[in-house]
Amino acid sequence: MPELHLTIPAELDGQTVRQAAMKGLGMSNGLFKRAKFHGQILLDGAPVLANAAIRAGQTLRLSFPEKENTAPAPAALELRVAFEDEHLMMVEKPAPLPSASSPRQALPTLENAVYAYLGCPPDFVYRPVNRLDKGTSGLMLVAKTAYGQDQMQRLLHTDLFQREYLAVAEGRLPEKEGLIDLPIRKMDGATVKRETGPGGKEARTWYRVLREENHRSLVWLRLDTGRTHQIRVHLSALGCPIVGDFLYGTESAELPGRFALHSFRCRFRHPVTGQWVERESSPEAIFEPLLTPSHFP
């Protein structure tokens, strides 16, 4: 059963247990209720009510059960784990591996691989913090606890959780660097396909061209918002779809089942330890052949 603890700081002196859990630990109301009704709340080792007053220097401990979940089928795939502790794990998702199981997805998925990697725990709950499209590879964060997932998702699209991408796009972008600020909406009659246009949700993507070769561009990108297919839609709107993007460009035999988009750097401030974590993953082996002109006619 996951457990959180907090030594009450001076600024929370006189607050209630509930207030301390939410302000000092950043617990959501749902997690606190789970501890209150199905777990345990202790102040200096003794059970305490949610509205009890607390004093600076006391120790608050809360434990709560994970939600029940139907265990997925394990898939013993080779899984590269770039970072791992008791709260979070950063994995490198290959493509075209789906991020999560669903009735529409054939097995296996990253969910099945993570389940197998962790030893098929009986209380397993899959908690992706962010997701990558099936055709996108690279670093992705998965939480091991509900608290870890809740805290990290609050940091999405802030300076405390930064994700950077590399893509190989067709053609040359109109500018060497800039901000793509185009709203994104669901395309009429489409199931998943998006487009830019009036009435869409605000969407901003920073980009910088790193290299131009073979009528293609290697582009660095960082999301300022998080819309479905955002990078893919934005580059396509500039007339430079990602190489191999079958939905917004043209499928490529060079990249069977995937396209040239890779989550190559992830940096975040750990919600429990407060330490910065940064990892990188290079797509060079996949991208370099796309940028090197062929020697054959």
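Which residue with a positive phi follows helix 3? The analysis refers to a predicted model, in which local features need pLDDT of at least 70 and side-chain atom pairs count only at pLDDT 80 or more, while totals for chains, interfaces and linings use all residues. Residues are numbered from 1 along each chain as its sequence is written, and side-chain values use heavy atoms, with hydrogens and water left out.

The secondary structure of the chain consists of 6 helices and 16 strands, taken as DSSP runs numbered from the N terminus (helices: H or I, at least four residues; strands: E, at least two). Along the principal axes, the C-alpha atoms fill a box of roughly 80 × 40 × 40 Å. Of the 297 residues, 45% are buried (buried: under 20% relative accessible area; exposed: over 50%; partly exposed: in between; 1.4 Å probe, protein chains only). Among contacts (heavy atoms within 4.5 Å) with a separation of 6 or more, 66% join residues 24 or more positions apart.

The buried residues are Leu110, Glu111, Asn112, Ala113, Val114 and Tyr115; their cover includes strand 6 (88-93) and strand 8 (137-143). At the N-terminal end, helix 3 is capped by Thr109, a side-chain oxygen of which lies 3.2 Å from the backbone nitrogen of Glu111. The residue that follows helix 3 is Gly119, with a positive phi near 85°.

In helix 2 (residues 29-38), the buried residues include Leu31, Phe32, Arg34 and Ala35. These lie on the same side of helix 2 because they cover an arc of only 155° around the axis, the arc being that of the directions from the helix axis to the C-beta atoms. Phe37 and His38, on the other side of helix 2, are exposed. Cover for the buried residues of helix 2 comes from elements including helix 1 (17-24), strand 2 (40-43), strand 4 (59-63), strand 7 (127-128) and helix 4 (146-154).

Arg216 is located in strand 14 (residues 216-223) and is buried, its relative accessible area being 11%. Its side chain makes a polar contact with that of Glu254 at 3.0 Å (polar contact: a pair of N or O atoms within 3.5 Å; within protein, one must be able to donate a hydrogen and the other to accept it, and residues adjacent in sequence count only if both atoms are side-chain atoms). Beyond its neighbours within four places in sequence, Arg216 is in contact with residues including Val168, Ala169, Val243 and Leu290.
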